[in-house]
Amino acid sequence: MDLVKVEEILFTAAVITYLVSSGLYIWYLISRSQLALKIGTMLLVLGLASQTIALILRWVSSGHAPMANLYESLSLFGWGIVLFFLIAQRFYPVQAAGALVVPTAFLISSIAGVFYKGPEPLVPALQSYWLWIHVTIAMLSYGLFALSFGAGFFYIIQEYLLKKNYKNVLYTFLILFSVLGLVLGFWAGSWWAEPAKIMDPVTQTVSKEYSSSDFLKIFGGGIAGLLIGTVLGFAAGKGASKPGFAKRLPSLDVLDEVSYRGIAFGFPLLTIGIITGAVWADQAWGRWWGWDPKETWSLITWLFYGAYLHTRLTMGWRGRHSAILAVIGLVMVLITYLGVNLFLSGLHSYTPAG
Amino acid sequence: MHLAVLGINHKTAPVELREKVSLNEDRCGTLSRHLLDDEGISEVVPLSTCNRTEVYIVASRPGIGRREAMNALAKIATVELRELEECTYFHEGESAVSHIYRVAGSLDSLVVGEAQIMGQIKAAYHAAHERESTSVLLNRLFRHALEVGKRVRTETRIGENPVSVSSVAVEMARKVFDDLEGRTVMLIGAGKMTDLTATHLISHGVTSFIITNRTYSRAEEMAEKLNGRAVRFEDLNDYLPLADIVISSTGAPHYVLRKGEVERAIRQRHNRPTFFIDIAVPRDIDPGVNDVYNAFLYDIDDLNEVAGTNAAQREKEARKAEEIIAEEVGNFAHWLSSLDVVPTIAALRDMAEKIKQGELEKAMSKLDSDLSEKDRNRIEALASGIVNKMLHEPTVELKRAANERGGYLYVESMRRLFKLNGTKRKERRKSDDLED
């Protein structure tokens, strides 16, 4: 059997395990069944192993690091989330956060599956060892930010629960799920739309021009995502806004710590990711920085997480305020990572230029 | 060989009576000796805790036990027999087994799911074992009961949700701080309730206490006891920023802690959270404190509400525990029935008959084929004769022992020596492990 076939099977197996594991983690949160947790964790480890082999096989069969197209990059993103969650769970009692983090990893990995593409040679501009350095480091930082996001979100929920403010528990779920639905919906819509492409001869960057029917598709996707998110958020929020739910979540201390640690480790990685990107851009295009949407947004994200650490270390912020920043941070990461496709085609959007 | 239990507990008797029949080590011994003097009673284990006094006995016939145990108890406790009769319960056979299992599983406790009962049963059993008032049946019953208690605690979440106000307070504090070790606790008001909660906190690793009280000397007393630090009531706000957990229970008619003071303290703590527990009525802490960033306030109603939902959860778990108990009672009854003499004798004879037949067949096939029919019959008769003679004495002895004290010792030995499988292997192994 050829490598590509094996890789595809292993990747699919990983996605299915993540789905089942998501169900088990959610079930654990609802019922506190230790068995569900045990099996869920076991499946997650198996899925991670399977996805790891799939990524290695892809590397071998394509001859370059598996980060060149959207499938490869998203798969790596999902892989990073699972990896860091399992590490966090090993050291902190954050099993309950798995009910949010594991489905996120499943969602991202399954989107990777939607954009599945066989191995292909690299476009000339990507043929560089910088590819895997730059992309791996960026993806690892995204994985850590996703972990911070999960812990931060549950911090906010747990804090409202402990303050007996059950209404805000519901609102927090509603807001988060709606925003995530909106972002993901817009993004899905943008893949559906087929804008005209205009190439910039210098940077090989293609900017997009949208027709009105394209806008309809994009906004349609956004609104559908918003609706689905709101319904899910309402259901989850209703279930969680009960006095007994606080017992099922980790303590504020642990959630605050994990959320902070994720960013404390993720921020330096993001910094290195941006620097390596700039060095690579200089080599490939002859410029360090060109303010393309990806570069701009990654700078905004970087400043944002920098502000998180600053408020925390020098202004003594902690608790809910920090947790809110950690949650917003991931939304910004998603915009940097996915939203850029709305405006740009080319190297960062994982579609072949032209 | 009939199991029975006579008892009195918090559901059937007022505390005044329970106090009187409560048995210390000495009285347990006296009661046991007294009961064992009776011909019909072979084993005794008294169990006495603050909520119950029970006597487990093994009698040779049904109907023996109730009266004897009641008389003995009345005599030792010097209470009126009639008074006792009205407040006691009596179970026999399987329902007695079910009773001790429910007690061990803490289903019969005042606080369902409490953990102390297991230790109390263990101690009662060990004491009885020391004074040699137990034998096969109660040994097995009590060891099994402890296993059942353990099973209930591990397989259900019956003990997980605290239901007392002070333990709920600790549980909620642990949802803020995770680990209470190394935290500083401030006690406002040196009363009984703060004392109780402090004890709970100490068991969770808290070592640093700040105590304040309107009457300074009381604060000093308590500080000495808790190895903490007493501060004057006027200085409360100076020390507030040091406290991770604040427990207030004063008799003050107005708030002793207001929102503004708490805001200032948290700012001084650089936003580190503080957990406030207000167990005073009327309340000591301004309810607005709960709105302060990183301050969490629980008053007595909040704690009672959590305790209430926890109690409801325990009820749910208790139903699961009842299923486990029903299953285990079945197991025990199965073992108990194997101790009956008649099936044991039948099994013994059956085994002997099988050996005899097997050996005869082997021998016959080797003997000359021209052996006469008469000789063959003789050989068969010889084999039967040996088997019957061998088994005669044990059979008679077993039947006689069945009606004596400790008779099933013989039955049990017989089953073990000859490997008469009436009991499940697994269960037997379990009990062997326990013997060590």
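Mentor: Two strands pair if DSSP finds at least two bridges between them. Keep in mind that this model is predicted.

Trainee: What makes S1(B) and strand S4 (residues 89–92) of chain B a pair?

Mentor: The pair has 4 bridges, in the antiparallel sense. At least two are needed, so the strands pair. Within S4(B), B:Tyr89 stands opposite B:Gly7.

Trainee: How do you know that S1(B) and strand S3 (residues 52–59) of chain B pair?

Mentor: They share 8 bridges, again antiparallel. The requirement is at least two, so this is a pair as well. B:Ala4 has B:Ile57 of S3(B) as its bridge partner.

Trainee: Why is strand S1 (residues 2–9) of chain B called mostly covered?

Mentor: A residue is buried if 20 or more other C-beta atoms lie within 10 Å of its own. In S1(B), 6 of the 8 residues are buried, so the strand is called mostly covered.

Trainee: What makes chains A and B count as touching?

Mentor: Contact requires C-beta atoms within 7 Å. By that test, 14 residues of chain A are in contact with 15 residues of chain B. Helix H8 (residues 252–285) of chain A gives the most to chain A's side, with 3 residues.

Trainee: Which domains does chain A have, and how far apart are their centres?

Mentor: The assignment gives domain 1 (1–121) and domain 2 (127–354). Their centres, taken over C-alpha atoms, are 19 Å apart. The contact takes 24 residues from domain 1 and 21 residues from domain 2. On the domain 1 side, H3(A) gives the most, with 10 residues. By class, that side has 18 nonpolar, 5 polar and 1 charged residues.

Key:
Residues are numbered from 1 along each chain as its sequence is written. Chains are lettered from A and ligands numbered from 1 in the order in which they are written. This is a predicted model: local features need pLDDT of at least 70, side-chain atom pairs count only at pLDDT 80 or more; totals for chains, interfaces and linings use all residues. Two residues are in contact if their C-beta atoms, placed from the backbone, lie within 7 Å. A residue is buried if 20 or more other C-beta atoms lie within 10 Å of its own, exposed if 12 or fewer, and partly exposed in between; C-beta atoms are placed from the backbone. Domain bounds come from an automatic or database domain assignment. Ala, Val, Leu, Ile, Met, Phe, Trp, Tyr, Cys and Pro count as nonpolar, Asp, Glu, Lys and Arg as charged, and the others, Gly among them, as polar.
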